[in-house]
Amino acid sequence: MGTSFVFGNPDAMRSVCGINDTNIPYLEKLLGCSIYVRGDRIECQTEDSASPEASSELFSQLLERLSALSGITNDISEPEILMEFKAIQNAMEKGEASAPARREFISVLSKAVYPKSNHQEQYIHAMNNSQITFGIGPAGTGKTYLAVAHCLGELLSGRKQKLILTRPVVEAGESLGFLPGDLSQKLNPYLKPLYDSMEALIAPATIRRLEDSGSIEIAPLAYMRGRSIHNACIILDEAQNTTQAQMKMFLTRIGENSCAIITGDVTQIDLPKTSSSGLVQAREILRDIEGIEFVNFTARDTVRSRIVQRIIDAYEKN
């Protein structure tokens, strides 16, 4: 059995197929069919499928969503295809209509950052509409990257005056005192994931200029005590390693014109057994507070790579 999808726009077709049709083998693997590009259409042959009707429906819905997504971003590759595929599969399993292609995005100077999963879209929506947003879930789901993108967009647009980066310093067998340099140099290794995300969005020279002007500030979590932070974006990374007292202290620093994004993975807590995670407690006692939103990511949201998703799935089964 075969079916085809006709593109009304050649640019949409080029985006969906990828440069030199690089996306076609991946589409074939996901759909379990042979795909042929002919003129302005893509054909799917599903003779070997156990359920050719369902395969054809999945193919049609996926191509329709990818075509719509091409109107938002030209950067369609394996992560985008996989997330759209999963959205359709989940809806079909529940007997529901799949949600339309995503529209939320983050603007950083001339660059647009688009969500690659439903939870990522919820996360962006939460950051845009809530003063405090918690992003909780496993590695590779885009929690830190999207938080950095949102905060840079706020800073560079002038909506906020400062970006503050902080995290608890909890490491096995090593402390800040054993690292060379001043406070900033000591903290840099701990905040490298945040800097990696920033450098993916803006030039390193721009980051240095913002640091020199004080627009980007790094601070150990302990140094937040006693401060009242106004007109700033604050990112608290690795929040699963905050104690309950630290989390309360951090949250009560946030001024009326500031916003905070707290990210963490509750499966990777490095605190001593005598201490309880502030992130776990916050998730329980703050879930119904107006102005605070929690977005819980799962292994299905992993966009770092397919191998990372399989690793997370394996650990969750044990």
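I began with Met198 and looked up its partners: leaving aside residues up to four places away in sequence, Met198 touches Val148, Leu152, Leu163, Leu165, Ile207 and Ile216, where contact means heavy atoms within 4.5 Å. The model I am reading is a predicted one, in which local features need pLDDT of at least 70 and side-chain atom pairs count only at pLDDT 80 or more, while totals for chains, interfaces and linings use all residues. Residues are numbered from 1 along each chain as its sequence is written, and side-chain values use heavy atoms, with hydrogens and water left out.

I then asked which core Met198 belongs to, and found that Met198, with Leu163 and Leu165, has the most contacts inside the largest nonpolar core, a set of 32 residues. Helix H6 (residues 143–156) gives the largest share of this core, 7 residues. Apart from it lies another core, of 27 residues, including Cys17, Leu30, Leu62 and Phe85. For the record, a nonpolar core is a set of buried Ala, Val, Leu, Ile, Met, Phe, Trp, Tyr and Cys residues joined through side-chain atoms within 4.5 Å; buried means under 20% relative accessible area, exposed over 50% and partly exposed in between, with a 1.4 Å probe and protein chains only. Helices (H or I, at least four residues) and strands (E, at least two) are DSSP runs numbered from the N terminus.

Next I turned to the packing of H6 against helix H5 (residues 118–129), whose axes come within 11 Å and cross at roughly 35°; the axes are lines fitted to C-alpha atoms, for helices over the stretch in contact, and angles run from 0 to 180 degrees between N-to-C directions. I noted the crossing of H5 past H6 as right-handed, the near helix being turned clockwise from the far one by less than a right angle. On the H5 side the contact is made by Gln120, Tyr123, Ile124, Met127 and Asn128, and on the H6 side by Lys143, Leu146, Ala147 and His150.

I looked at Pro193, whose place is in helix H8 (residues 192–201), and noted that Pro193 is partly exposed, with a relative accessible area of 38%. The C-alpha atoms of Pro193 and Thr144 are separated by 7.9 Å, although these residues are 49 apart along the chain.

In helix H11 (residues 278–285) I found Gly278, Leu279 and Ala282 buried. Seen down the axis of H11, the buried residues fall within an arc of 95°, so they line one face of the helix; the arc is that of the directions from the helix axis to the C-beta atoms. Their cover includes strand E6 (132–136), helix H10 (244–251), strand E10 (259–264) and strand E11 (292–296). In H10 itself, Met247, Met249, Phe250 and Leu251 are buried, and the buried residues of H10 pack against E6, strand E7 (162–167), strand E9 (232–236), E10 and H11.

I also checked backbone angles, keeping in mind that most residues other than glycine have a negative phi. Asp21, in the loop between helix H1 (10–17) and helix H2 (24–31), has a positive phi of about 60° and is partly exposed at 36% relative accessible area. Asn231, in the loop between strand E8 (216–220) and E9, has a positive phi of about 50°.

Last, I recorded the totals: the chain has 12 helices and 11 strands, and 49% of its 318 residues count as buried.
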